[in-house]
Amino acid sequence: MTLESALKAAREAYAERNPNSKAAYDTAVQVLPGGGTRTTLACEPFPIYIASGKGGEMTDVDGHVYKDFLSDFTSGIYGKSHPALQAAISKALTTGVQFGGHTTSEARFAAGLVARFPSMELVRFCNSGTEANLNAIGAALKHTKRKKVVVFEGAYHGSLLCRFSQNEPEDVPGVLRAPYVSEVSLSVKALLDPITTEIGAILVEPMLGAGGAVPGDPVFLEGLRELATRIGAVLIFDEVQTSRLSPGGRQALLGITPDMTTVGKYFGGGFAFGAFGGKREIMDMFDVRRPNPVSHGGTFNNSALTMVAGATALEQILTPEALSNLNALGDTMRDMLNSGFQTSGAPFKVTGLGSVNQIHCTLANELRNSAHDLLFFGLLERGYWTAQRGTLALNFQNTSEDVEEFVAAVVDAAQAVTVAANGN
Ligand SMILES: Cc1ncc(COP(=O)(O)O)c(C=O)c1O
């Protein structure tokens, strides 16, 4: 059996097991290009449709139950039905929504964020990580009166700022790509030195998230801090994923303070959310009490539901202790998976930090997608929800027993890949 024939058989078994998802997909493709509205969830021959979720589990429209080890690509840190969030949101629903006005939850939520991130002396809310990054870049360029932004290969800063890889054309005018996790003093410096007076912003993920859970080398990130200061650019840390690594994100773990920070995902307590913040001298441009303030609108920027959910999550759920336990569990899971792969000779390895990880296939390039897909289908069959590309993110509902069982299931499912890859 080859990898391709094993994958074909796995897809057929999947189609057989999921007739209701297939029917839902057939309906969806009539009105949604490709059947969905989130490319990340695309799956051949069709994606699974979810009917409901509770705690750390969800049930699909064919009645299969999955333990969630994807956590909505890091965003679903609370699980499907956290009681504290349910209570706060239900209460907010009874007091009404869509005021077209302020509620006190807005500043309550902002105060919680500012207290955790010293790099955000002032903060503005928006509706996604994409928007947060676009707004932060805009603010940085306005502040420095410069035109160029530096980003890094493999980074993902949102759907309008496409994945920055070497082979893609420049997606956004004025955006320069530099290598990630390299010594700033060498390649990045050589690339940037001739144009340093044009660079207004350096935007970086402290760990590549969608790019494969690749932690940025602390020396590299410190080098960027020094470089930005030296050339007068604004250093922006995109902590949309890495903020969950500690109460103050990866920047707190590394002791590096960027000029601006962007967050999103889980901070919205389950609702669409983004935020960008920074030094007072930068963020002051949005202060309407000043002459010629910069306008920043957004109908749902202060949605009553998001503000309540976000503030509640910060105050009641995202405690330092809870985050520390979750990330320790993630470290344990990564070690267990890596030693399981090593012992069984499976062609996989896991990278990441704390609760944010990614399985990588170590086979030749052209075999990797098939190997990942086969593992993904194997895990679905065993009742685990992950991503085809190998993303693993823990949520507060995952227990250490769950992790042990999950690791055993992954190592077991990986055996099918090893066997097929060896042509047995
Ligand atoms: C590091 C990073 N930045 C930005 C974004 C974009 O966030 P959103 O999907 O909320 O627009 C993502 C989303 O995955 C991300 O991982």
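What volume does the second largest cavity have? The second largest cavity holds about 50 Å³. Its lining consists of Ile-359, His-372, Leu-375, Phe-376, Leu-379, Thr-386, Ala-387, Gln-388, Gly-390, Thr-391 and Leu-392. Helix H12 (365–381) and strand S16 (391–393) are the elements that give two or more residues to this lining, and H12 gives the most, with four.

The model is predicted: local features need pLDDT of at least 70 and side-chain atom pairs pLDDT 80 or more, while totals for chains, interfaces and linings use all residues. Residues are numbered from 1 along each chain as its sequence is written, and side-chain values use heavy atoms, without hydrogens and water.

A cavity is a set of points, on a 1 Å grid over the protein atoms alone, where a 1.4 Å probe fits but cannot get out; lining residues have an atom within 4 Å of a point. A volume is the space filled by probe spheres set on the points, which are joined across faces, edges and corners. Helices (H or I, at least four residues) and strands (E, at least two) are DSSP runs numbered from the N terminus.

The whole structure contains three cavities of 30 Å³ or more.

| Cavity | Volume |
|---|---|
| Largest cavity | about 60 Å³ |
| Second largest cavity | about 50 Å³ |

Residues lining the largest cavity include Phe-73, Gln-241 and Arg-389. Strand S14 (residues 356–361) supplies the largest share of that lining, three residues. The largest cavity lies between domain 1 (3–77 + 321–421) and domain 2 (83–317), because both give residues to its lining; the domain bounds come from an automatic or database domain assignment.

Key:
1 Å grid on protein atoms, 1.4 Å probe; cavity = no way out; pocket = protein on both sides within 12 Å on 5 of 7 lines; lining within 4 Å.
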